[in-house]
Amino acid sequence: MTEKIKKNRVLVGKPGLDGHDRGAKFIAQALRDAGFEVVYTGIRRSPEEIAAAAVQEDVDAVGLSSLSGAHMRLFPAVVEALAKAGAPDIPVLGGGVIPEEDIIELKAAGIVEIFTPGTPIDTIISAYRDACEKKSTG
Amino acid sequence: MAKHPKLAEWEENELAKSLSRFPERKAKFTNHGGDEIPRLATPETIDEHYLDNLGFPGQYPYTRGVQPTMHRGRLWTMRQYAGFSSAAESNKRYRYLLDQGTTGLSVAFDLPTQIGYDSDDQMSIGEVGKVGVAIDSLADMETLFDQIPLDKVSTSMTINSPAAVLLAMYVAVGEKQGVAPKDIQGTIQNDILKEYVARGTYIFPPKPSLRLITNIFQWCGQNTPAFNTISISGYHIREAGSTAAQEVAFTLANGCTYVQTALDAGLELDVFARRLAFFFNASSDLLEEVAKFRAARRLWARLMKERFGAKNKASLMLRFHTQTAGNTLTAQQIDNNIVRVTIQALAAVLGGTQSLHTNSKDEAHSLPTEESVRTALRTQQVLAHESGVVDTIDPLAGSYYIESLTDKIERDALALIDKIEESGGVVKCIEDGFIQRQIENAAYQYQMEIERGERIIVGVNKFQIQEEKKPPLLRVAPEVEESQIAKLTEVKNNRNNEQVASLLTRLETAAQGDDNLMPFIYDCVKEYATLGEICNVLRKVFGEYKDRG
């Protein structure tokens, strides 16, 4: 019997005007190497564009990256946009230059996990795996 | 042994001329023991190979520096990139930096400004005043340079796609201060090609963007001859993860593209080429970085001479600004960043930089605090006044390793430049993603080496500690967005709106044709047309560029 195992699908998005995507691209590639299917939106997407892409691509999780300091506005905006787009169950993770005190607030706003510089890639990959699996069994 | 005739020739010509115009910083440079430090050390036997590949400073191929006396004559410009929040707040920071001994300004604009959106645009939400200062109209620019005399200070502006607009505003502020455009000094980054590749603040597609750049070259040639019209930047390419040789290759390939575009538009090479400036990254591999700067200088001189036939010496010189590598700063144990920045700044100085920005230790967390910026500036001052490396020119020349590495970086970069040319040129290689892929692959490989522990980053994957104390962070107050929008509304209420509308229409008509757009933009900004209004007119005519993802 050859039942095909569904691969975890992730959308990596860059909300806002920030163009620093070295980190986003690295995460995208590292997730691919770990067996995920990854769609990268490219830079400078609005929260609504990211939510629409997540729905269209039928992803199990969304990863956001911001290094410009606009995360407090933009990350929760993506969570809201997903809910509006009828996909409140897609978990959102984020990373970037994000001060510790902001992390608590972001989590309260529905972001599942926030990664800051220096986080080992294995930690990030397993967080995505957990998020994806929780969503598909959820 | 008799002095080599070429050395004597250099001393009598380039050096003597330079010394007569600009005496060195000291009559005599000595070490602690009182021994005199030679201006320039050379091999015992000067041969053809030396003359062809190194030569003397201020002489083709400029491997040893662009000026005959280099830092013995004048130290580099200590130029700290700064700007955040409102124009008034940034103006305070600039005046603080000038008080602390910085010798040139460098303006950081917020992302909406860099992408041509007004602060009240839907796209600007959350970004106003965050990574730089918000500029919507000439009114903000007047505040930004309040009490800063534009004939005394040179200003570098990190602005690309809307560079024409910000340059026009800067010249207009100068005129209001009574400073003639010809006396304005500074640099606009104006380097759109690397925005598509690595930095992301593009607005228009490549072709109209290149037209705007050529328009600026031409207008500045006639109006602001002392202003650097472009800063062709490898910095961001390296930050995106390229290797040192790729940084040189992609930067100089972009440079060649600007030169060719300007030539195609009928501009005269030896008029505009002298105002081209460069901007490189200084990373932590000290010796490789020194070799990189030397290789870049030599390769540009050779390309300009051999491929473009430049005659004027100033057209051959690669003059560059350096910034230490932001991507090497760690969020962990941030004091270690001061050490990293010192090594990187040393590389830039040994590599013969013309100006330098040193990053602050807290920048992996947020914009730097005033205190950490001061330490970053002090790092440059210690190098300049205590380290002694500025007292003799190109001190690492002749090291077997440095020279072979300089040769290798030049060779590798040239091969990549040729490959881009064979593949249809820079614009095509951006559109099909060739250049971006090269950088991504290098970045991925580097990061995986860190992940696997093959490359040690102190405090990150080795020598970690549990940190209790959190560094103080600079926060941009959320009210900035609101008050900036209020100011913008006030400007719009107080200007001659009919006149603005008619000037914007004239700009639109001009954009549809082939005229130089600078005079039209200049007229618009003087009447307080906003950055967003001007860019929206151009968006309508030129269209917008979208990233491939």
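Predicted model: local features only at pLDDT ≥ 70, side-chain atom pairs only at ≥ 80, totals over all residues.
**Around A:D102**

A:D102 sits in helix 4 of chain A, which covers residues 100–108. Set aside the neighbours within four places in sequence, and A:D102 is in contact with A:H71 and A:M72. With A:M72 the sequence gap is 30 residues, yet the C-alpha to C-alpha distance is 7.4 Å.

**The buried side of helix 2 in chain A**

Now to helix 2 of chain A, residues 47–56. Its buried residues include A:P47, A:I50, A:A51, A:A53 and A:A54. Why do they end up on the same side of helix 2 of chain A? They span an arc of only 165° around the axis, and that is what places them on the same side. As background, an α-helix has 3.6 residues a turn, so residues three or four places apart point the same way.

What do these buried residues pack against? Their partners in chain A are strand 1 (9–13), strand 2 (37–40), strand 3 (61–66) and helix 3 (71–84). After helix 2 of chain A comes A:D58, with a positive phi near 55°.

As for confidence, chain A has a mean pLDDT of 93, with 96% of its residues at 70 or more. Within chain A, strand 1 has the highest confidence at 98, while helix 5 (residues 121–137) has the lowest, at a mean of 92.

**A helix pair in chain B**

Over in chain B, helix 7 (residues 163–177) packs with helix 9 (residues 206–223) at an angle of about 25°, the axes being 10 Å apart. Angles under 35 degrees count as roughly parallel, so helix 7 of chain B is roughly parallel to helix 9 of chain B. Helix 7 of chain B brings B:A163, B:A164 and B:L167 to the contact, and helix 9 of chain B brings B:L212, B:N215 and B:I216. Sorted by class, that contact of helix 7 with helix 9 of chain B has five nonpolar residues, one polar and no charged ones.

A cis peptide bond links B:Y60 to B:P61, with omega at about 0°. B:P61 lies in the loop between helix 2 (48–53) and helix 3 (70–73) of chain B. The loop between helix 2 and helix 3 of chain B also holds B:Y62.

B:Q333 belongs to the loop between strand 8 (320–324) and helix 15 (336–350) of chain B.

**Where the chains touch**

How many residues of chain B are in contact with chain A? The count is 32 residues of chain B, against 26 residues of chain A. On the chain B side, helix 5 (111–114) and helix 19 (434–451) each give at least two residues. Helix 19 of chain B makes the largest share of that side, with five residues. By class, the chain B side that touches chain A splits into 14 nonpolar, 10 polar and eight charged residues.

Conventions
Residues numbered from 1 in each chain as written. Chains lettered and ligands numbered in written order. Contact = placed C-beta atoms within 7 Å. Helix = DSSP H or I, 4+ residues; strand = E, 2+ residues; numbered from the N terminus. Nonpolar A, V, L, I, M, F, W, Y, C, P; charged D, E, K, R; others polar. Axes fitted to C-alpha atoms, helices over the stretch in contact; angles between N-to-C directions. Parallel < 35°, antiparallel > 145°, perpendicular 65-115°, else oblique. Buried ≥ 20, exposed ≤ 12 C-beta atoms within 10 Å, placed from the backbone. Arc of directions from axis to C-beta. pLDDT = per-residue confidence, 0-100.
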